[in-house]
Every structure is written in C-alpha cells, then in structure tokens.
Amino acid sequence: MRFAAPRSSEDLTGALDRAAASLAAASAEVLRMVAEVDRQRLWRRDGATSMTSWLAGRYGLAWGTAREWVRVAHALVGFPRIAEAYASGRLSWDQLRPLTRFATPETDERWAERAPERRPAWLWRKVRRHERALVQQAEEARRTRHLRLDWDQERSVLWLEGMLPAEEGTALQAAVLQRAEALPRDPDADDPAGARLADALVDLATGGPEPATVVVHAGAEVLAREEAETGPWLAETESGQRLAPESVRRLACDSRIEWILESGGRPVGIGRRGRAVPGVLLRALRFRDGGMCRFPGCERKRWLHAHHLVHWGDGGATDLDNLVLLCHAHHRLIHEGGWRTSGHPARNLRFHDPGRRIVAMGRPFPRPAVGSRL
C-alpha cells in the first residue's frame with residue numbers, strides 16, 4: 001500500500017482510517033483463506049502436524065496466535081453477517097474473538113448489528129456467562145463418573161468407555177486436543193479425526209518426563225537394517241504384538257539397549273550397552289536447539305526425543321553433531337514417514353519430504369522496493 005504524506009492532522013487521521021479499513025479487509029480475507037487451506041489440509045505437504053503449526057512456521061506467528069486464527073476462521077464460516085461486519089471494519093479483532101465463542105448461526109445477524117457497539121471486555125463477560133453450568137448437573141456427573149477398560153481377546157484391541165464430569169472432562173479434552181495438534185493426521189484411517197485423538201490419548205499416557213517403560217524384543221539385524229525381505233524376524237513388544245522395523249529403530253534412537261546373546265534359540269549371555277543420551281550431552285543438546293522440536297513451525301517443548309541423524313545402527317555416533325531434538329510426531333515422520341534430513345544440526349539443518357523436496361518454512365513475502373512508503 002502507498003499513501004501520500006498527509007498535510008494536516010485531519011489528513012493523518014483520514015489516512016489512518018483508510019489504512020485500518022484496508023487492514024480489516026485484508027485480515028478478513030486471510031481468515032477466509034485459512035479456513036479453506038485447513039479444509040483442504042494443504043499444510044500436510046510441508047510436513048506440518050496441523051494448520052496451527054504450519055501458520056506459526058510460515059508466518060512467524062506465536063503458537064497461541066496461530067491457533068486463534070484457525071479457530072476464528074472456522075467459526076466465521078457459519079457466521080456470514082459477522083464476517084461481513086469484520087471485513088467492513090465495523091468489528092475489531094478484539095471484538096471478534098469473544099463474539100465467535102458464543103454467537104450461533106441463529107444469532108449471527110443480531111450480533112453483527114449489536115456487537116460493534118460493545119466493548120471487548122463486555123463480550124468476554126458474555127462468554128463467561130454462557131459457559132456457566134448448573135450445580136445439580138455437576139454433582140450428578142461427579143457421582144456417576146466411570147472408566148472401563150475391556151480387552152477383546154480375539155482381536156488384541158482394548159475398548160474404552162467412560163464418562164467424566166465437566167471440569168475433568170474439559171481438562172482431558174483440552175489435553176487430548178492440544179496433543180492431537182502436534183500429531184500427524186492419518187488419511188488412511190477409517191476415521192482420521194478419531195484416529196488422531198486416539199493417538200493423542202496414547203501419547204499423553206506414554207509421554208512425559210518419566211514415560212512408561214515399553215519393552216521391545218528385536219533381533220540385531222532389525223536394528224542394523226539387515227532384516228530379511230521375506231521370512232520371520234524378531235520385532236515385537238513384550239506381550240507379543242508385532243512391530244515394523246522402522247518403529248523399532250525409532251524407539252531405539254534414545255533408549256537403553258539390553259543385549260541377549262542366543263545360541264540355538266537359548267540365551268547364553270546377557271550384557272548392557274547404553275544408547276541413551278547422557279545427561280550432560282542432553283543438556284547441551286537442549287541448549288543448542290532451544291529446548292524445542294527442530295521441525296519448522298513446531299514449538300513443542302515437552303516430551304522430546306534425541307534423534308540420531310545417522311542412526312547408531314548405521315554407525316552414527318551419540319554426539320552433539322549427530323543429534324537433534326524432535327517431538328514424537330516428527331520423530332515418527334522421519335522414521336516411518338519416509339522423511340529425511342540434511343545439513344548440520346547447528347547451522348543449516350534441512351528437512352526433505354519423501355519426494356526429496358526441501359520444506360521451505362518462512363515468511364513468503366516479497367521484499368519491499370527500496371524507497372517505498374506506507
């Protein structure tokens with residue numbers, strides 16, 4: 001945008017009004033496109049785990065800001081009159097955010113007319129009033145809360161059924177949904193959205209500063225990428241559930257390995273060989289990588305894995321030049337998803353999709369011409 005230098009205070013105010021109107025129209029268009037890009041899941045081609053992380057990486061947004069863009073963008077799809085009021089500049093962003101939390105398609109037209117006259121603080125109070133619950137209903141839910149875990153012995157699957165009161169259910173839902181945003185969506189699942197939530201629940205249960213111990217039995221040929229293309233090989237959990245070789249190698253990236261030597265199917269020796277990243281090296285790795293996942297646009301800071309760029313089964317060393325922090329989702333993307341890395345982790349680390357395309361994450365804006373003015 002180019003505006004002539006104003007000659008008076010009235011001109012300056014008018015120029016600011018025009019710029020604010022242009023900003024509102026552009027913001028409304030951005031939100032419309034955010035909803036459409038998310039609907040088409042175009043962020044998946046860049047290896048992002050959600051629209052939120054894609055926006056954060058591509059446009060340098062804070063995670064919370066990107067998440068709010070996505071939420072408001074989808075809400076506006078059902079509120080055409082409110083969207084029109086925002087695009088015309090009659091509603092501000094600070095008014096739009098609370099409004100989209102309690103408006104309904106039935107009240108869309110009414111709030112498009114009334115909300116511009118209300119302060120953001122008034123609208124947020126309206127949000128809180130709509131979120132109140134009845135005490136009697138809360139007590140009943142507390143008494144009847146339950147969780148059942150039933151194994152299906154024929155299919156080796158676990159069925160879950162339960163009910164939680166609002167405050168506990170909200171906490172669980174928020175945790176699962178937040179974790180789901182950091183996990184890749186499986187388009188081949190019968191119910192991709194449900195599968196993603198299931199993965200998030202498992203990730204919540206198995207992740208953490210002291211994650212649950214998972215015992216895996218695997219042959220040395222699996223860890224060394226020398227498993228036979230046909231015939232059986234050892235790669236299973238302690239309970240006998242089969243695992244893919246790449247899944248075993250991912251789990252072994254920063255795990256403790258206990259070696260058992262066998263002869264004729266009988267164990268003849270047991271030894272221990274540490275492959276977990278030692279504390280002093282892990283602290284240096286966290287300092288270098290800023291304590292967060294290195295995948296572009298991912299800001300996950302908890303439950304990270306120390307990934308060997310060259311797997312130690314292929315001769316890669318457990319040292320700082322061969323390690324990088326990755327969250328669970330992007331660690332899985334590297335191992336099972338066919339993605340690769342190149343470059344040095346301290347300088348120019350690059351991520352390549354299965355087609356070897358480098359994921360370009362950064363502000364895709366052209367540089368302004370020298371001497372241009374707003």
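Guide: Happy to! Let's start at Thr 341, which sits in strand β9, covering residues 340-342. Please keep in mind that this is a predicted model.

Is Thr 341 buried, partly exposed or exposed? Its relative accessibility is 24%, so Thr 341 counts as partly exposed; the buried class would need a value under 20%.

Now look at what surrounds this threonine. Setting aside residues up to four places away in sequence, Thr 341 touches Leu 309, Ile 334, Leu 349, Arg 350, Phe 351 and His 352. Ile 334 is also a member of a nonpolar core of 24 residues, which includes Leu 183, Val 324 and Leu 326 as well.

Arg 356 lies 15 residues from Thr 341 along the chain, and the C-alpha atoms of the two are separated by 9.5 Å. The backbone of Arg 356 deserves a glance too: its phi is positive, about 70°, although the residue is not a glycine.

Arg 41 also has a positive phi without being a glycine, with a value near 55°. Where is Arg 41 placed? Look in the loop between α1 and α2. With a relative accessibility of 26%, Arg 41 counts as partly exposed.

For α1 (residues 9-39) and α2 (residues 51-59), the angle is about 125° and the axes are 10 Å apart. That angle is why α1 is called oblique to α2. The crossing of α1 past α2 is right-handed. On the α1 side the contact is made by Val 34, Val 37 and Asp 38, while α2 contributes Met 51, Trp 54 and Leu 55. Sorted by type, the residues of this contact are five nonpolar, one charged and no polar.

Apart from its neighbours within four places in sequence, Met 51 is in contact with Val 34, Val 37, Asp 38, Trp 43 and Val 70. In the largest nonpolar core, which has 32 residues, Met 51 is one of those touching the most other members, along with Leu 55, Ile 82 and Leu 99. Several helices give two or more residues to this core, among them α1, α2, α4 (80-87) and α5 (93-102). Which element gives the most to this core? The answer is α3, with six residues.

Helix α3 also packs against α5, at an angle of about 65° and with the axes 10 Å apart. That makes α3 roughly perpendicular to α5. Here the crossing is left-handed. From α3, residues including Trp 69, Val 72 and Leu 76 take part, and they meet a set in α5 that includes Trp 93, Leu 96 and Thr 100. The residues of this contact divide into six nonpolar, one polar and four charged.

Finally, step back to the whole chain. It has 14 helices and ten strands. Of its 374 residues, 31% are buried. Among contacts with a separation of 6 or more, 52% are between residues 24 or more positions apart.

Methods:
Residues are numbered from 1 along each chain as its sequence is written. This is a predicted model: local features need pLDDT of at least 70, side-chain atom pairs count only at pLDDT 80 or more; totals for chains, interfaces and linings use all residues. Side-chain values use heavy atoms; hydrogens and water are left out. Axes are lines fitted to C-alpha atoms, for helices over the stretch in contact, and angles run from 0 to 180 degrees between N-to-C directions. Helices (H or I, at least four residues) and strands (E, at least two) are DSSP runs, numbered from the N terminus. Angles under 35 degrees count as roughly parallel, over 145 as roughly antiparallel, 65 to 115 as roughly perpendicular and the rest as oblique. A crossing is left-handed if the near helix is turned anticlockwise from the far one by less than a right angle, and right-handed if clockwise. Contact means heavy atoms within 4.5 Å. Ala, Val, Leu, Ile, Met, Phe, Trp, Tyr, Cys and Pro count as nonpolar, Asp, Glu, Lys and Arg as charged, and the others, Gly among them, as polar. A nonpolar core is a set of buried Ala, Val, Leu, Ile, Met, Phe, Trp, Tyr and Cys residues joined through side-chain atoms within 4.5 Å. Buried means under 20% relative accessible area, exposed over 50%, partly exposed in between (1.4 Å probe, protein chains only).
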